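Dear colleague,

I am handing over the structure below, and after it you will find what came out of looking through it.

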Amino acid sequence: GDKPLVSVTAEEIRVWGTPWDGKEHWSTNISVPVAGICQIGRGEVNEISAVGAGDALARLYAQTYHPTTEAGMRKTVQLLLQIAQRVPFWSLKCNMSTEAAEVSYAAMKGE
């Protein structure tokens, strides 16, 4: 869904389904390990590129709930930094063609 929860431990990073599942109502009460994150945007040409940890941190921060306390914000930034350093991150610009899925799949699988 649109608003998953993320847990970060020394062993793994997991994403968890929540009841806040967006307009499509695609939610499932499960959790899975995070293998990678891909930020999707519209483009005329299908292209994907790896994003470094610094840029990934900024992109993650822009899509994250921001606590109102200094302590909460510090913890949030620490968690986002761990995610940015440990999880591969890509930026995909794509159109609505089948090729968009093929391009992204190949890149994220390392092909």
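Axes are lines fitted to C-alpha atoms, for helices over the stretch in contact, and angles run from 0 to 180 degrees between N-to-C directions; helices (H or I, at least four residues) and strands (E, at least two) are DSSP runs, numbered from the N terminus. The model is a predicted one, in which local features need pLDDT of at least 70 and side-chain atom pairs count only at pLDDT 80 or more, whereas totals for chains, interfaces and linings use all residues. Residues are numbered from 1 along each chain as its sequence is written, and side-chain values use heavy atoms, with hydrogens and water left out.

Helix α1 (residues 53-62) packs against helix α2 (residues 70-86) at an angle of about 135°, and their axes lie 9 Å apart. That angle makes α1 oblique to α2, because angles under 35 degrees count as roughly parallel, over 145 as roughly antiparallel, 65 to 115 as roughly perpendicular and the rest as oblique. The contact (heavy atoms within 4.5 Å) involves Ala53, Ala56, Leu57, Leu60 and Tyr61 on the α1 side, and Met73, Val77, Leu80, Leu81, Ile83, Ala84 and Gln85 on the α2 side.

Turning to the strands, an open sheet with mixed pairing is formed by three of them in the order β4-β6-β5, where two strands pair if DSSP finds at least two bridges between them. At its edges are β4 (37-42) and β5 (47-50), each of which pairs on one side only, and the twist from one strand to the next averages 20°. β4 runs parallel to β6 (residues 89-94) in a pairing of six bridges, and Ile37 has Phe89 of β6 as its bridge partner.

Best regards
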